[in-house]
Amino acid sequence: MQNKKNVAVTGLSGVVGKVFARLYGDEYNLIDLYHNKKTLSSPQIKKHYKLDLLNTNRIQKILEKVNPDVVVHMASITHIDKCETDRKNGEKGNVWKINVEATRQIVSFCSKKKIPFVFLSTECVFDGKKKKFNESSKKNPRNWYGVTKSAAEDIIIASKAKAAIIRSVVTYHKADHGKTIYGKVLRSLKNKGIVYAVGDQFFTPTYTEDIVKGVRVVIDGKLTGIFHVVPAKTITPYKFSILIAKSNNFPSRMVKKTSLVSLYGKDRANLRLVNASLSASKSRKILNFIPKAPGEVI
């Protein structure tokens with residue numbers, strides 16, 4: 001029997017990290033690189049190391065102690081509006097430090113040690129002006145979150161590390177206690193009896209189990225490059241919300257169609273991608289699986 005890989009992961013306490021530990025924790029020796037608090041939600045995690053992503057000068061020293069076979073970097077500051085408030089601070093802000101500088105230190109370590117590095121990225125590296133963006137489409141982020149993730153991607157590519165960048169769009173799953181779009185819609189239906197959902201935006205929401213499956217395939221296959229893990233078809237948040245309502249026995253009339261501008265206001269709407277959709281035809285051939293469409297999950 002082969003020895004299990006020592007896989008060190010940032011962000012194990014997050015939505016994607018918890019699902020990764022639950023589904024694949026027995027396949028690896030999972031190491032929790034926690035930013036503030038140890039990830040104790042999964043019995044598969046045996047080791048914990050505090051990795052303060054703001055203290056970038058110590059990141060490589062701590063990784064030396066960890067001595068991983070693979071590093072998976074899931075942690076980042078992701079909320080579009082919260083990131084935007086930090087734009088004024090530029091490279092001195094926490095968003096840049098965590099999303100960019102911490103990534104620089106981690107991938108530099110992996111490059112020197114010649115160990116695989118897996119990075120979770122986003123559709124926000126694009127501007128949403130095309131219907132879909134493929135793995136090699138030109139990046140042009142419209143919000144600060146996208147700017148920082150795009151900068152991190154550029155650092156990874158320039159590092160020449162054995163790296164894989166996995167882009168996905170708006171993760172979701174059912175048992176999420178309001179942490180993903182699925183839970184937020186369901187909570188609004190239960191508590192308010194109504195949910196307002198955008199009908200003039202198109203996206204390819206990604207089932208969380210498919211994202212972590214992509215991570216596992218990349219690790220086990222020692223794959224490098226940029227991969228999109230998204231379903232084949234686009235959907236609007238409005239239609240997505242109707243699926244959630246119907247599957248939970250709520251009448252579809254409780255889902256009210258609105259617009260990006262009406263829901264967010266002009267300035268915040270301009271930070272969102274009208275087409276938050278990725279094409280994954282190339283990636284599916286390499287990864288050898290097709291992520292589920294919302295209608296197959298919800």
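Predicted model: local features only at pLDDT ≥ 70, side-chain atom pairs only at ≥ 80, totals over all residues.
Residues are numbered from 1 along each chain as its sequence is written, and side-chain values use heavy atoms, with hydrogens and water left out.

**View 1. A positive surface patch that includes Lys18.** The patch is formed by Lys18, Lys82, Lys179, Lys184, Arg187 and Lys192, where patch residues have over 30% relative accessible area and no salt bridge, like charges being joined within 9 Å. Helix H6 (residues 181–192) supplies three residues, the largest share of this patch; helices (H or I, at least four residues) and strands (E, at least two) are DSSP runs, numbered from the N terminus. Lys18 lies in helix H1 (residues 15–24) and is partly exposed, with a relative accessible area of 43%, the class between buried (under 20%) and exposed (over 50%), computed with a 1.4 Å probe and protein chains only.

View 2. Cys83 is buried, its relative accessible area being 0%. Setting aside residues up to four places away in sequence, Cys83 touches Ile77, Thr78, Val95, Trp144 and Tyr145, contact meaning heavy atoms within 4.5 Å. Between Cys83 and Thr122 there are 14 Å in space, C-alpha to C-alpha, and 39 residues in sequence.

View 3. Thr206 is buried, with a relative accessible area of 0%. Apart from neighbours within four places in sequence, the contacts of Thr206 include Ser168, Val170, Tyr172, Ile211 and Pro231.

Key: Patch = residues over 30% accessible without salt bridge, like charges linked within 9 Å, V, L, I, M, F, W, Y side chains within 5 Å. Areas by Shrake-Rupley, 256 points an atom, 1.4 Å probe, with all protein chains shown as cover. Salt bridge = Lys/Arg side-chain N within 4 Å of Asp/Glu carboxyl O. Lys, Arg positive; Asp, Glu negative; His and termini not counted. Charge placed at Lys NZ, Arg CZ, Asp CG, Glu CD.
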